[in-house]
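Please view the sequence and the structure together before reading on.

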Amino acid sequence: MAGRVQPRQLAFALPHAESFTRDNFLEGPSNAAGLALVDSWPDWPNRIMLLVGPEGSGKSHLAAIWAEQSGARSTSAHALTAAAVPGALATGALVVDDLKSSDVDERALFHLLNLAREDEAFVLITARVPPSALQIELRDLRSRLRAIPTVLLLPPDDQLFRALIVKFCADRQLAVDEAVVSYLTTRIERSYAAVRQAVELLDTEALRLGRPVTRALAAELLRGNT
């Protein structure tokens, strides 16, 4: 019919499951120290360890691998309470994920560190910044955190960066060619978070527009986002 308007396709924000298995972990020089820590358990230099790296750097993935190996329970740092500490350490191993100074119960965390030491439990804490950058009010906790050995995850090198682009596209079942990967490699910030955001944008807009993910689409979408 003349003048008929073609309806625009809607893009729904559906969840995209990521696999946190050992086989699905992308290894490179930037995260080799973190993987070595996980693989060396239980022969750690200290029973409590800190894994520090930027957003999306693989901390949670490494923690999940270690939890599978050790039988560790997991809790987010902001959900930790003093009453929950004994139960959290019940298996003798615990992941405390995403430690931030803004939303942690300092007394609960201090209690956990003390009880873990008494029980000789293993604890793996993940954070985006080292303990020295955390604003901790409780002096004893501040001192205790700074004494914990820290393993750093670094920004990805070229090979790992390209592999991350391919992986995040595969996680969303996006078919991309070498031209798209090469374009993204030179146009987005060299960080895990930037890759995730760029691929999410491509996926959402390709679905909305009903177009395949091509270099041209990537250039069109990222031109105003870089």
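Does Lys-167 count as buried or exposed? With a relative accessibility of 11%, Lys-167 counts as buried, because the cut-off for that class is under 20%. The model discussed here is predicted.

Lys-167 has a salt-bridge partner in Asp-171, with a distance of 3.0 Å from N to O. Both residues belong to helix α6 and stand 4 residues apart, about one turn of the helix. Whereas Lys-167 is buried, Asp-171 is partly exposed, its relative accessible area being 21%.

## Salt bridges between separate parts of the chain

The count of salt bridges in the model comes to 9. One of them joins Asp-158 to Arg-190, whose closest N and O atoms are 2.6 Å apart. Asp-158 is located in helix α6 (residues 158-171) and Arg-190 in the loop between α7 and α8 (192-209), so this pair ties together parts that are 32 residues apart in sequence. Asp-158 is exposed, at 51% relative accessible area, while Arg-190 is partly exposed, at 32%.

Another salt bridge forms between the side chains of Asp-98 and Arg-128, at 3.7 Å from N to O. Asp-98 is part of strand β3 (residues 93-99), and Arg-128 is found in the loop between β4 (122-127) and α5 (139-146); the pair therefore ties together parts that are 30 residues apart in sequence. Asp-98 is partly exposed, with a relative accessible area of 24%. Arg-128 also counts as partly exposed, at 40% relative accessibility. Asp-98 and Arg-128 belong to a network of salt bridges that links them with Glu-55 and Lys-100.

## The packing of α7 against α9

How far apart are the axes of helix α7 and helix α9? The axes of α7 (residues 178-187) and α9 (residues 215-222) lie 8 Å apart, and the two helices pack at an angle of about 25°. Since angles under 35 degrees count as roughly parallel, α7 and α9 are therefore roughly parallel to each other.

On the α7 side, the contact is made by Ala-179, Val-180, Tyr-183, Leu-184 and Arg-187. On the α9 side, Arg-215, Ala-218, Ala-219 and Leu-222 take part. Sorted by class, this contact of α7 with α9 comprises 7 nonpolar residues, 2 charged residues and no polar residues.

Methods: Residues numbered from 1 in each chain as written. Predicted model: local features only at pLDDT ≥ 70, side-chain atom pairs only at ≥ 80, totals over all residues. Heavy atoms only, no water. Axes fitted to C-alpha atoms, helices over the stretch in contact; angles between N-to-C directions. Parallel < 35°, antiparallel > 145°, perpendicular 65-115°, else oblique. Contact = heavy atoms within 4.5 Å. Nonpolar A, V, L, I, M, F, W, Y, C, P; charged D, E, K, R; others polar. Salt bridge = Lys/Arg side-chain N within 4 Å of Asp/Glu carboxyl O. Buried < 20%, exposed > 50% of the residue type's maximum accessible area, 1.4 Å probe, protein only.
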